[in-house]
Amino acid sequence: ELARQVQEFVRSRFGLSCPVADVARHMGYSGSPVSALFRSTEGVSLKQWLDRERARAMEQWLAYSDLSVSQIAANLGFPDLFSFSRFFKRLSGRSPRAFRRLTDR
């Protein structure tokens, strides 16, 4: 139940940053207990899941939006294009532009 509620909350943010502390506060917990509960049911840390979920949302924006990579980065709350690209590449293994070329419609 907790994992489902966390997932619904995070997905409702459509890729915006969602730190563990914000998720915990939304669920009525502090950070450590909600992280431990999430790990026990999902098998990954809440931080890892949050990062992967944000990368998944970024992929959706890149694949289905006509916005520039810079505009997507700004819409998702990244301070600059470099931060957006570094985060995306760390999780997906390729740059946002390379990913977009692969999914070019």
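This is a predicted model: local features need pLDDT of at least 70, side-chain atom pairs count only at pLDDT 80 or more; totals for chains, interfaces and linings use all residues.
1. Start with helix α1, residues 2-11. Its buried residues are Leu2, Ala3, Val6, Gln7, Phe9 and Val10. They sit on the same side of α1, because the arc they cover around the axis is only 165°.

2. Residues three or four places apart point the same way, because an α-helix has 3.6 residues a turn.

3. Next, helix α6, residues 81-92. It has twelve residues. From first C-alpha to last, α6 reaches 16 Å, close to the 16 Å expected at 1.5 Å a residue.

4. Which residues of α6 are buried? They are Ser83, Phe84, Phe87 and Phe88. Viewed down the axis of α6, these buried residues fall within an arc of 125°, so they line one face of the helix.

5. The other side of α6 reads differently: Phe82, Arg86, Lys89 and Arg90 are exposed there.

6. What covers the buried residues of α6? The cover includes α4, α5 (69-75) and α7 (96-102).

7. Now the largest pocket. Its volume is about 280 Å³. It is lined by 19 residues, and Gly15, Leu16, Leu50, Glu53 and Arg54 are the closest to its centre.

8. Helix α4 (46-64) gives the most to this lining, with nine residues. Both α1 and α4 supply at least two residues each. By type, the lining holds ten nonpolar, three polar and six charged residues.

Technical notes
Residues are numbered from 1 along each chain as its sequence is written. Side-chain values use heavy atoms; hydrogens and water are left out. Buried means under 20% relative accessible area, exposed over 50%, partly exposed in between (1.4 Å probe, protein chains only). Helices (H or I, at least four residues) and strands (E, at least two) are DSSP runs, numbered from the N terminus. The arc is that of the directions from the helix axis to the C-beta atoms. On a 1 Å grid over the protein atoms alone, a cavity is a set of points where a 1.4 Å probe fits but cannot get out, and a pocket is an open set with protein on both sides within 12 Å along at least five of seven lines; lining residues have an atom within 4 Å of a point. Grid points are joined across faces, edges and corners, and a volume is the space filled by probe spheres set on the points. Ala, Val, Leu, Ile, Met, Phe, Trp, Tyr, Cys and Pro count as nonpolar, Asp, Glu, Lys and Arg as charged, and the others, Gly among them, as polar. The expected span of a helix is 1.5 Å times one less than its number of residues. Contact means heavy atoms within 4.5 Å.
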